[in-house]
Amino acid sequence: MATLIRRRLLCTSAKAGKKWAVKEVTKANFSEAVEEFKDDLARSDFVAVSLQKTGSFSAGWHRALPFDTNDTAYLKAKYAAERFQVLQFAACPFSLRATKLTAHPYNFILFPRDELKVGMPSYSFSVQTSHLTYMAQEGFDFNACIYDGISYLSKAQESAAKVRIGNPTPGNYVVDSSLTHTVADTIFIERIKSRVKHWKNACKKSGSRTDDALLSSLRKLVMGTEIYGSRPCMNIDVCSERQVQLALEMLKEFSDELVPLIIPANGGGTQSVRVVLTSSKEDKDLFERELQNVVEEQNKRVRGFREVIDLISASQKPVVSHNSLNDFTFIHSKFLSPLPANVDEFTGSLSLVFPHILDINHLMKNIGPLRKVTNIPAAISYLNNHYFAPIDLETLPQENEGKIHRHNVVKMCYLFAKLCTILKIPENAKLSNNHLLAPALDEYTNISNPFSDIPQESINEDIRIWRNNMRKISCDNLVFLWGFRSGLTAGMLKSMLHKSHDVFSEDFDVRFVDKSCAIAVFWQPGLSGTFLDVVSNEAIIGGSLREMVSEGLRATSYRTYKRVCKLGLWEADLAESLDKALEDPDYSMDADSTTNGREILWSTDSMINFDDL
Amino acid sequence: MNTHRPVRALSRALSRALSQSTSSSSFPLKNVTKSNFEPVLAELRRHVAAADFVAVDLEMSGVTSAPWRDSLEFDRSDVSYLKVKDSAEKFAVLQFGVCPFRWDSSKKSFIAHPHNFYVFPRQELPVESPTYEFLCQTTSIDFLAKYQFDFNMGIHEGISYLSRGQENEALRCFHLAYEDGSKLKEVRDAPLVKMADTLFTERMKNTFTEWRDGLLRNKNGGFQFQGISNDRQQHLETIFFKMRPALSLNGFTSHQLKLIQLVIRRHFQDLSYVQVNGENSCQQRLVVHTDSKDDRESLMKDVKDEHLRQAETKVQAAVGFRHVIDLLSSEKKLIVGHNCFLDIAHIYSKFVGPLPSTAEEFVSSVNKCFPHILDTKVLLNANIGLQQRMKKSQTSLSSAFASLCPQISLGAKSTDLAFQLCVKVEVQVDDLRSSNWNSGAKHEAGYDAFMTGCVFAQACSHLGIDFEACLPSEKLAHNEKLQKHINLLFLSWSKGDVIDLTTGNKNVMSVGSKNNKKRYLQISYEKIALIWGFSTKLKAREIRECISKVFGLTSVVSIYHLDETAVFVQFNKEKLVSEFLSLKDTLERKDGPVSVLHPLAGLLEGGNTRAADYETYKEICSSPNAKVLFADQAEAFGIQWKTKLVEAKALCLECESSGEKKALNPASKSNEKSERKNMENVQSDSSTACVSNYKIIDSLIASRGDKVRTNL
């Protein structure tokens with residue numbers, strides 16, 4: 001009773017004040033916001049991230065399902081991340097001291113505009129109308145997003161873009177002892193050396209007296225002198241990277257006055273070396289600083305929003321996420337580099353950039369009844385009703401505020417704080433001032449958690465209670481079935497199978513994956529193999545099973561399913577995809593040894609029931 | 001949108017003042033969203049029925065799903081169609097401009113009604129279908145943003161639609177649902193387990209018995225039935241349903257309703273449980289009394305029919321924007337568009353059905369829906385007189401509009417003689433009228449449709465068509481001066497490929513003045529090899545060098561980059577394609593110093609270089625994947641072989657000795673199936689095949705060495 005009263009008190013006090021609001025960031029206020037974000041991040045212990053995307057999956061079976069292994073779940077997330085687009089990136093640096101939660105939420109509005117006219121960051125992207133409609137209902141402003149959204153380039157794209165933009169870069173001569181001069185080299189050096197000398201002297205001479213316009217333009221024509229900013233310069237044409245090095249080497253002789261710049265050619269390589277003449281040592285330093293600034297400005301423009309990602313990564317703060325597999329496949333593909341082919345490479349590559357990722361769903365697994373709760377408000381209300389864990393947060397945004405999506409990230413922080421308190425994750429674990437994550441939290445650091453990976457559509461799903469009857473089974477015991485007549489329920493199919501063959505006299509289960517395809521689990525090892533043998537062997541097949549097969553029933557092992565994901569055969573119906581995978585001529589050659597023994601968890605109520613769809 | 005009403009009232013008042021003095025004005029055109037769709041559609045029906053022609057224009061979410069899908073010089077006409085098909089299938093229509101034009105002989109002017117429909121493919125019916133998903137091309141979306149396209153309006157308020165196929169499917173599903181009776185879900189007989197259920201059932205049984213007995217006792221009297229009084233939330237009310245006494249059930253949970261159904265079925269022959277949709281779409285559950293079995297059956301049939309009718313109304317509403325397309329199709333009016341092949345493909349794929357796999361099938365189906373289509377771009381390019389009038393300006397819509405209809409595009413009223421020759425167009429939006437209207441909103445579908453119509457009207461006048469003489473009975477579409485231009489569309493504008501919608505014949509039309517030289521250069525697609533996956537550092541010049549070192553300086557006619565990962569190599573002889581492919585295959589099967597030093601080594605560097613003939617290009621174009629780079633697309637398409645060998649029509653030079661023939665033939669004869677196998681794994685005895693190459697290679701290495709030295 002006392003706790004109840006205290007909770008009431010806390011709630012009212014929480015609602016009273018509204019000290020901060022979510023900061024909406026577009027192109028216009030991006031640079032200021034980044035500075036603020038940098039400071040907030042430096043002062044915080046964690047950073048929560050949450051992405052608003054244009055779509056999640058195109059067909060029911062494309063989402064991560066309970067029978068997915070880490071690898072297949074990753075491939076599904078990869079497929080989505082490569083096609084859809086992030087329109088809003090919410091980042092919220094926060095700290096938790098005792099029960100006090102301090103959060104600084106930012107909503108970065110993104111649009112992959114081709115700012116540099118180089119066909120990047122994204123040529124095109126898919127959208128799902130259901131997602132857009134949902135976002136519209138939540139009050140998302142698409143005009144603001146498309147007109148003023150912040151663009152970005154991934155790390156991989158940045159290096160490609162630098163080549164394509166072709167800005168001059170300061171030429172740094174690398175001493176290469178192996179470089180021995182041939183006769184041609186010496187001739188080349190001598191020729192450009194005399195040209196540079198001649199030009200330099202001419203510039204200095206003309207600097208002392210004032211020319212009339214005609215004369216100076218004539219001189220420009222004759223000597224190839226141009227003006228770079230306010231300083232005279234000349235171009236040395238080069239035919240190879242070797243000549244670039246030779247030119248730079250030669251220019252070292254004049255290093256107190258001349259600054260070499262490398263002008264890149266269209267599509268890589270070097271077009272020429274530009275020599276800029278400075279008037280004094282001070283002027284040279286000034287010019288080099290100017291160059292440095294230009295380069296930095298340029299880099300900022302190219303990176304765009306990715307600066308935020310770079311800041312988060314550089315801070316090494318633990319990143320709290322709710323849908324880590326989905327969100328981080330997006331982050332990796334949009335802001336780092338194209339997604340690797342398998343989950344191990346992915347986690348490897350990701351952990352270099354984000355060493356600590358905390359998945360809220362994974363934390364919730366430790367509270368039994370929350371295992372199946374996928375939506376944040378439901379989880380919060382469950383915890384509020386069942387646990388006493390007051391968290392002091394100035395404002396917990398109310399549901400009726402309309403623009404719920406904006407506050408999602410704050411709710412995540414709040415839920416995380418509650419979970420930390422309830423799970424008694426010790427205080428010192430949270431104060432990660434030394435940039436190290438205390439071991440207490442470490443055990444929850446886990447990205448490869450396909451179970452948590454429930455798509456956004458289910459945000460309004462009710463709490464469903466996990467029945468705690470998960471059983472570990474090997475993928476080998478699963479068989480995919482399709483080609484049966486439509487309109488069957490899982491129960492009907494099961495009883496048909498039960499009568500069809502002896503294999504089914506033992507304990508087995510049947511569930512629908514989508515309307516076209518079902519999955520059968522043999523609880524007794526080895527029976528799945530027997531069944532597949534029977535189905536594929538005309539001589540031994542008999543009875544009603546024979547009839548079912550003649551009517552079109554097909555069956556295959558889990559291996560084919562993995563192959564479907566690996567080859568990216570993302571048809572609308574799983575049956576169609578399985579058929580395609582079996583048609584593939586390489587199928588038989590594909591030795592599949594790596595993941596054979598992998599176990600997955602099977603829970604009787606975690607399957608998608610066709611009747612529920 | 002509620003704000004519309006006062007605005008409309010105001011505009012009506014304003015228009016009264018304006019209509020008297022038709023001065024220059026720029027009121028907005030008719031924007032149509034789902035909130036005003038119904039009344040606008042009714043009005044549009046009248047305008048279209050009275051129209052002489054209807055101009056249309058579409059704004060899409062994108063045009064090409066990858067750079068290499070852009071219209072290229074090396075597109076054969078079937079490939080051009082595949083590219084248009086891909087575009088229409090992947091992108092969405094965001095705005096649809098419809099502008100009916102009617103000749104008013106009393107005013108000697110056209111009356112135009114520009115409409116701008118916001119369209120958005122929202123899923124309105126709970127019918128199972130693949131997820132609604134479309135592609136956005138970043139540059140196109142950015143382009144629309146530059147012209148202030150209102151995306152919020154489109155997504156919030158856009159009109160959705162069902163294609164004919166989707167409509168039939170939806171109706172079929174509804175019918176199926178009602179045939180099975182699963183809408184009135186039969187509750188399974190289940191033993192009552194819970195104590196509460198038993199008690200509830202018993203109580204309901206008594207209540208219904210009491211009610212029924214009361215009815216029977218007082219057939220004529222005023223029987224007063226007391227609902228369950230102990231609970232204010234649950235109550236029963238006697239009403240009449242289809243001339244029969246009925247009890248309406250309110251405030252019960254779904255579980256309780258299930259139990260009630262069970263009670264009725266088990267214990268009452270003369271009562272039926274029905275579920276109907278009330279007036280404001282709230283569901284009403286009733287227990288209805290019927291006199292006989294026949295009466296009961298007729299009641300159930302009535303209820304079912306009503307459900308079906310309601311479902312059909314729902315489907316009709318979901319058809320949404322397609323009503324406009326059906327209207328255009330059923331009125332058989334002349335449809336006018338500007339470079340509209342892609343537009344027509346979009347209309348077909350969104351509102352009619354899936355696009356056929358060939359251009360010929362497509363145009364014949366289109367011709368059935370829209371018998372008269374005129375493309376102003378074709379018209380402007382076909383007629384020399386018109387081109388002279390346009391003073392050789394571009395035939396893009398806005399420049400054609402500016403040069404042909406200066407009186408409208410400049411928005412100025414002039415007494416200039418040149419302007420006197422211009423066709424007058426009066427714009428009418430609701431009650432607003434203007435004879436020199438200019439909303440100025442370029443790249444808004446409604447305005448673009450208006451411009452297209454004006455260009456067409458002006459072009460007709462220059463062709464000498466007298467609108468006055470065109471009696472309503474004698475349609476514009478049948479005017480003999482237009483006959484040779486009608487139903488011709490550009491399959492590919494850049495190549496000047498024109499397709500005739502009535503016959504499916506394809507022709508090349510010499511268009512423009514700039515590219516005339518190239519027009520006459522016939523491309524022979526058998527002489528083209530496709531190479532992709534090579535090192536991105538390689539440029540066209542280097543590829544040409546590599547190949548001409550082997551096949552001779554004149555062997556390569558041209559190299560054309562599809563994108564940075566793929567090129568077309570046009571050879572001067574057809575057989576060189578197969579020779580090149582088999583040489584590549586041979587080299588890659590044998591690792592060794594020779595293949596490293598071979599002139600082609602540069603091209604094959606990295607080991608991912610693939611090569612095939614032009615047919616493979618077509619196949620890859622027809623695949624639905626949307627990879628940005630061609631090499632990735634080919635991989636996603638499932639190509640695992642490195643070289644597709646084609647049967648050479650002439651014997652290869654290398655195959656002169658019989659021993660070598662044996663070695664080469666199994667490869668070149670390989671059919672589709674075995675090609676797909678990974679060639680690397682097939683280690684056939686190809687070493688002998690290389691022998692003849694040695695001599696050539698040796699001499700080439702020598703000459704290459706010289707070249708390297710001279711390079712310095």
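Author: Here are a few labels from this predicted model, each set against its rule.

Reader: What makes helix 3 and helix 25 of chain B roughly parallel?

Author: Their packing angle is about 15 degrees, with the axes 9 Å apart. Angles under 35 degrees count as roughly parallel, so helix 3 of chain B and helix 25 of chain B get that label. As for handedness, helix 3 of chain B passes helix 25 of chain B in a left-handed crossing.

Reader: Which residues meet there, in helix 3 and helix 25 of chain B?

Author: From helix 3 of chain B come Asp78(B), Val79(B), Leu82(B) and Lys83(B), and they meet Tyr614(B), Tyr617(B), Lys618(B), Cys621(B) and Ser622(B) in helix 25 of chain B. By type, this contact has five nonpolar, one polar and three charged residues.

Reader: Why are Asp142(B) and Arg113(A) called a salt bridge?

Author: Their side chains come to 3.4 Å, N to O. The cut-off is within 4 Å for a side-chain nitrogen of Lys or Arg and a carboxyl oxygen of Asp or Glu, so the pair qualifies. Across the interface of chain A and chain B, the rule finds two salt bridges.

Reader: How many residues of chain A and chain B are in contact, and how much area is buried between them?

Author: On the chain A side 33 residues touch 36 residues of chain B. The buried area is about 2900 Å², and carbon and sulfur atoms give 54% of that.

Reader: And which three residues supply more than any others of the area chain A buries against chain B?

Author: That's Tyr123(A), Thr129(A) and Tyr147(A), which supply 24% of what chain A buries there.

Definitions and conventions: Residues numbered from 1 in each chain as written. Chains lettered and ligands numbered in written order. Predicted model: local features only at pLDDT ≥ 70, side-chain atom pairs only at ≥ 80, totals over all residues. Heavy atoms only, no water. Axes fitted to C-alpha atoms, helices over the stretch in contact; angles between N-to-C directions. Helix = DSSP H or I, 4+ residues; strand = E, 2+ residues; numbered from the N terminus. Parallel < 35°, antiparallel > 145°, perpendicular 65-115°, else oblique. Left-handed = near helix turned anticlockwise from the far one by under 90°. Contact = heavy atoms within 4.5 Å. Nonpolar A, V, L, I, M, F, W, Y, C, P; charged D, E, K, R; others polar. Buried area = accessible area lost by both parts, 1.4 Å probe.
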